[in-house]
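Hi there,

Here is the structure I promised to pass on. Have a look, and then read my notes below.

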Amino acid sequence: MTVTDTDTSAELLARLRKAYATGRTRDAEWRIRQLRGIEKLADEREAEIAAALQEDLGRNAVEAWLGDLASTRAEAAYARKRVRRWMLPRPKPLSLNQFPALGWVQYEPMGVVLIIAPWNYPVYLTLGPLVAAVAAGNCAVIKPSELAPATSALLARLIPHYLDPEAVVVAEGDAELTQSLLAQGFDLALYTGGTEVGRKIMAAAAPQLTPVILELGGKSPVVVAEDADLEVTARRIAWVKLLNSGQSCIAPDYVLVERSVRDALVDKIVDTIALFRSEEPQPGMRVVNQRHFDRLEAYLESTTGRIVTGGRCDRDSLTVEPTVIVDPAPDDAVMTDEVFGPILPILTVDSVDAALDFVGARPKPLAAYVFSKSLSTQRKITQQISAGAVVINHVGMHVLAPQLPFGGVGASGMGAYHGRYGFEALSHRKAVLAKPFRPDPAMNYPPYTQAALKIMRRLF
């Protein structure tokens, strides 16, 4: 359905609250059916989804499967196999002053949640949060990005065939619709996207005291120590950097490499990019729209660094060549803004400590990557860099592990989901304390005697 004004946004939320009030979403079988429906959607509609992603983003079928479908299906299957266990109450030991008593944490759904999805992975970053929402027993409104219109329309058409249409609804529209929905007061909102829009989401949610999970971005650094396997390092950096034309929140944003191996690493990255692109019909990579094209072109025109490969843009096709810039100034726009495109700055540092100082002086990123054979170097970077996640000797792979939480810190976001972490993030952890009627010692009640107070002070 399409929601276009405040009245219909209010009616939509009222309808979902009515569905939630029936209690059916609390049942484990309902949750499992929804999760299985997400799996089936990914399996049965792969060709249609790939075509929509090609239309919106110029993404080929392999990257459509890898970036949006395989990850979505795996997340849903992981939750489906475990959700019954996740739902079980968790007994908690109590202190002596509570005896006799039992205490436990009971997970209950938040209610009706709002999922605001981005354009860069418009299936995975719509259905991935939905996995957490339905695993936790919530009703959900999904707001896909208007910047991926073909995928948005496809999801609006397909989701009612695979999930409960009275409990999960797609609402298509622009930023005005997002604000209208937030104004209604959902039980939780989960937004994936840029930091600036994240601030607006949080501000819009505040009047209704709607809790938010913000999955944002930032400049995710790569630190390459001199003892790294440079061939593997170059291959892994280039692979993830070029996925989806660099338009990934977890993409390596810039590289800090020790001086002794800088030239060798640059050469290997340049050669790897050439190899990866050798069978492509055109040198450039498609970006999502004119505004993002102009932004990337401006980075290339204004940089003080040395462009060692790429650097050309084609406005008619909205394509940017994979580009490596060596030693741009730290205050270049390409180093102060999140790149979000196929441009990779590589900066020289004199030591790993200098790299840590550089990263620590900037906003906390969504991810940080370290390439080194040294356990002490790995440990130092893992302990000293504050980031949503740290990956050792690879790039971006943590997002595919439902056993690990995925989320940011500081300007890169708040809250985390995936796997059990998603179930818990979209559930209310309700504390329950149960006591018998007897014993009921008189000393617990006024008037308090000195003897009673002496005993109570020892217990408490």
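One definition before we start: two parts are in contact when they have heavy atoms within 4.5 Å of each other. Also, this is a predicted model, where local features need pLDDT of at least 70, side-chain atom pairs count only at pLDDT 80 or more, and totals for chains, interfaces and linings use all residues. Residues are numbered from 1 along each chain as its sequence is written, and side-chain values use heavy atoms, with hydrogens and water left out. Helices (H or I, at least four residues) and strands (E, at least two) are DSSP runs, numbered from the N terminus.

Let's begin with two helices. In α3, Glu48, Ile49, Ala52, Leu53, Glu55 and Asp56 meet a set from α6: Pro149, Ala150, Thr151, Leu154, Arg157 and Leu158. Sorted by class, this contact has seven nonpolar, one polar and four charged residues. Here Ala, Val, Leu, Ile, Met, Phe, Trp, Tyr, Cys and Pro count as nonpolar, Asp, Glu, Lys and Arg as charged, and the others, Gly among them, as polar.

How are the two helices arranged? Helix α3 (residues 46-57) packs on helix α6 (residues 149-162) at about 155°, and their axes are 7 Å apart. Axes are lines fitted to C-alpha atoms, for helices over the stretch in contact, and angles run from 0 to 180 degrees between N-to-C directions. So α3 is roughly antiparallel to α6 (under 35 degrees is roughly parallel, over 145 roughly antiparallel, 65 to 115 roughly perpendicular and the rest oblique).

Now for the sheet. Seven strands form an open sheet with mixed pairing, in the order β11-β14-β15-β9-β8-β16-β17. Because β11 (306-309) and β17 (390-392) are at the edges with a single partner strand each, one side of each has no neighbour in the sheet. On average, neighbouring strands are turned by 25° against each other, direction ignored. Two strands pair if DSSP finds at least two bridges between them; β9 (residues 254-258) and β15 (residues 343-349) have four, in the parallel sense.

Elsewhere, β1 (residues 90-92) runs antiparallel to β2 (residues 102-109), joined by three bridges, with Lys92 opposite Gly103 in β2. β2 also pairs with β21 (residues 427-434), antiparallel over eight bridges, and there Glu108 stands opposite His428.

Cheers
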